[in-house]
Amino acid sequence: MDFSLNEEQVLLRDSAREFLGEEWPSAELRRMLDAADGAAAAQALWSKMSDLGWPGLLVSEDYDGLGLGMFDLAVLMEETGAALIPGTLHASGLLAVSALEAMATQESCQKYLPDIAEGKLKATVGIYEPGSGWTPMMLAPDAGEVVTKRYVPDGASADLILFVNRTGGNGAQIAIAHEAQVEDIYSMDVTRSLSQVTCSADKLEVLGEGTIADVQAVIDRAAIGLSAELIGSSARVLDMTVEYVKSRKQFGRAVGTFQAVQHKAADMLIGIEKGRTGVYYAAAVADERPDDLARAASVAKATANQTAVSVGELGIQLHGGLGFTWEQDLHLYLKRAKAAEFTYGDTKWHLDRIAHGLGLS
Amino acid sequence: MTRLQDTPAEAAFRDRLRTWLEANTPKIGKHDVAALKAWQRKLHEAGWLGLTWPAEYGGQGLGFREQAIFNEEAARARIPPNINNIGLMIAGPALIAVGSEAHKKRYLPKILSAEEIWCQGFSEPNAGSDLAALQTRAVDDGDDYVITGQKIWTSNSLIADYIWLLVRTDPNAPRHKGITALVVDMKSPGVTVKPLRQITGEAEFGEVFFDEVRVPKANRVGAENDGWIIGMKTFTRERANLSVALSVRLQQQFDRLLDSVRNRDVPLDPQQAREVAQAYVDSQCLTLTCERMADRLFGFESSVVKVAWAEMNQRLQRIGLSTLGPDAPLLSAGAFDQVGDTTATFGTEALSEGDESYAKSWQFGYLRARANSIEGGTSEILRSVIAERVLGLPRK
């Protein structure tokens, strides 16, 4: 095993941290959330990220992308998670790219991936349906006249909405949803927009076929990316908390000198180190040993869920009353963690999948 | 670049090791001192011990990767415990870091070959977490120190040839500045050892009493009154090495849990299955964290792994016990008698066939694991270490 970052990855991490520090500070995030021109803030960030090539990081060089792997993306997404960027990079650069590369024909990939890589085309993917839970085998095998997809990330601002459907048995397809009805649904995580998208079956343009296993692999890659974001955001919460308890004084001393406070901070770090290992491991498996992807993704997502929620809660606790205010950013991190916990499989779902794989159920 | 696969050199090392272990791993009961010494000597002679130690003292001069591969393969082959684990994991590395050339030449090769067994004398009845409160006195008397006092929780003291000892040489100095590190021959007149029976019924630890024991000044490690720093270096090495060894044990324990579950007549309920899956997730993450953080484990960050391991192993043992259902509290007849008459046991839960059934049981594991969050630094102390030394929180 080798989890050390190579020179390019260190550069990617450091430059991303610097870039996001300048381009997406808390004030900019707040502008997106509160200002009338909020969408413009997100769009401005997207353009600049596109200039850096991030939307095409995973896209193979055949389609004008950077041709990098999940490990590289995980390193980047720790930083984008720390900055709580909106969901476009995740939806387009990870979910849509993975779905197209897994299931679309070469011709379709050639048609769409270069524009996605360039950031000209913002794509997203609808997979889950009302009642399907997180299990692709639970998707309706024959969708009927109208197909409805729930929890579609960034559907409102996407230029290209893709549907991944079950076609009966283990079969699946990827299709463009033309003339789709996009309806906002509101998540606790206000930094990310979600939609419910409805499309007539006769407006679906099929781009390729695959299997339910392909669909699950796409979800697993997205889960690893989301886990990386969660570990990055957890690390940022810990940084904020350490700074705060060093300076906040009560009883004439910094509260960070109290053991009850210190030990909670230590637990935050322990969770983050374990979680980061899970993410790096799963990302390496995605790149090098895709047959083992399911279990590795579950290890990463289960751990990241637990770490991010617990770190988010402890961060608020250690900030005291200040942590409970709207003005402080901590609630945004906790809400991100809480919403992500129930995306691409909650902890229970992933533990059940591992238990099944180990022959325990 | 590949992250999950061995490099060709690593793969060759692993193959050679695996073949050797398959051909040579014996079945030894955990109380069979002579057989365990012979096994360690055999491992050493084949070149599998002291992998990261310098070659001039009998080591192999290799890197952490080889050590990690050894640990994985050792777990896989379920090799017997190292009888000289204190020498290999604590005293040896400490001597490499701070010992004189003469000490290194004299002691290290025999630590590796198990010709001399070591123990460590740090804790005292009134100096546990607050180690700097230690009171065992060393009085300057010409070429010797004369030592009087008591150590406690001394693993392997019942079979040890040498003790790696911290004593107070200057009672008037500030408490961190009057401590000295010594190597003491356990056969010296005035040394007595009493077994300390623990909640499992075993006595893997002892109490060591010093009654005017003469120790040549040549046995001092480092300068007089420099012992605190040396002790701290010993600790970081202890925790780093422990972390690595623990990850091996965790894999073994998890495999054992799976065996135990698969041998049940009744399937686990969904909640139990989930607990086992959670144990898989955590043991996997923790083992890999040891590898990921390998280059930082000689610092304070080893505490991160130690705390997580202690709680993980305690949970794992609880789960294991719970898989037994109504039989969970039942012991085989005479279980405590089997282990009561202990002359030597070891701080390890590694299992080999031929062990008593009790020592292999979940009851034993559950009870023994209570010590995990106490030994080698309590989890409370280590959380403070993480907060102050890793996160940089203020101390006062």
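Predicted model: local features only at pLDDT ≥ 70, side-chain atom pairs only at ≥ 80, totals over all residues.
Residues are numbered from 1 along each chain as its sequence is written, and chains are lettered from A, with ligands numbered from 1, in the order in which they are written. Local features need pLDDT of at least 70 and side-chain atom pairs count only at pLDDT 80 or more, while totals for chains, interfaces and linings use all residues; side-chain values use heavy atoms, with hydrogens and water left out.

**Chain A as a whole**

Begin by selecting chain A, whose secondary structure comes to 11 helices and 9 strands; helices (H or I, at least four residues) and strands (E, at least two) are DSSP runs numbered from the N terminus. The C-alpha trace of chain A spans about 70 × 50 × 40 Å along its principal axes. Of the 361 residues in chain A, 59% are buried, where buried means under 20% relative accessible area, exposed over 50%, and partly exposed in between (1.4 Å probe, protein chains only). Among contacts in chain A between residues at least 6 apart in sequence, 74% join residues at least 24 apart, a contact being heavy atoms within 4.5 Å.

**Single residues**

Select A:Pro114 next, in helix α6 (residues 106-118) of chain A, where this proline is buried with a relative accessible area of 13%. Leaving aside neighbours within four places in sequence, A:Pro114 is in contact with A:Tyr63, A:Asp64 and A:Cys109.

Move on to A:Leu84, in the loop between α4 (70-82) and α5 (88-103) of chain A. Most residues other than glycine have a negative phi, whereas A:Leu84 has a positive phi of about 50° although it is not a glycine. A:Leu84 counts as buried, at 0% relative accessibility.

For a residue in chain B with a positive phi, select B:Trp153, where the angle is about 60°. B:Trp153 is found in strand β3 (residues 144-155) of chain B and counts as partly exposed at 47% relative accessibility.

**Charged side chains**

Return to chain A and select A:Lys335 in helix α10 (residues 330-341). A:Lys335 is buried yet has no salt bridge, and the nearest side chain of opposite charge, A:Asp189, is 8.7 Å away; a salt bridge is a side-chain nitrogen of Lys or Arg within 4 Å of a carboxyl oxygen of Asp or Glu.

Now display A:Glu78 with A:Arg276, whose side chains meet in a salt bridge (2.8 Å, N to O). Because A:Glu78 lies in helix α4 of chain A and A:Arg276 in helix α8 (residues 259-288), the pair ties together parts that are 198 residues apart in sequence. Both A:Glu78 and A:Arg276 are buried.

A:Asp352 lies in helix α11 (residues 347-357) of chain A and B:Arg274 in helix α7 (residues 270-292) of chain B, so the pair joins two chains. A:Asp352 is partly exposed, with a relative accessible area of 29%, whereas B:Arg274 is buried at 16%.

Finish in chain B with B:Asp282 and B:Arg315, whose side chains meet in a salt bridge (2.5 Å, N to O). This pair links helix α7 of chain B, which holds B:Asp282, to helix α8 (residues 302-322), which holds B:Arg315, 33 residues apart.

Definitions and conventions. Lys, Arg positive; Asp, Glu negative; His and termini not counted.
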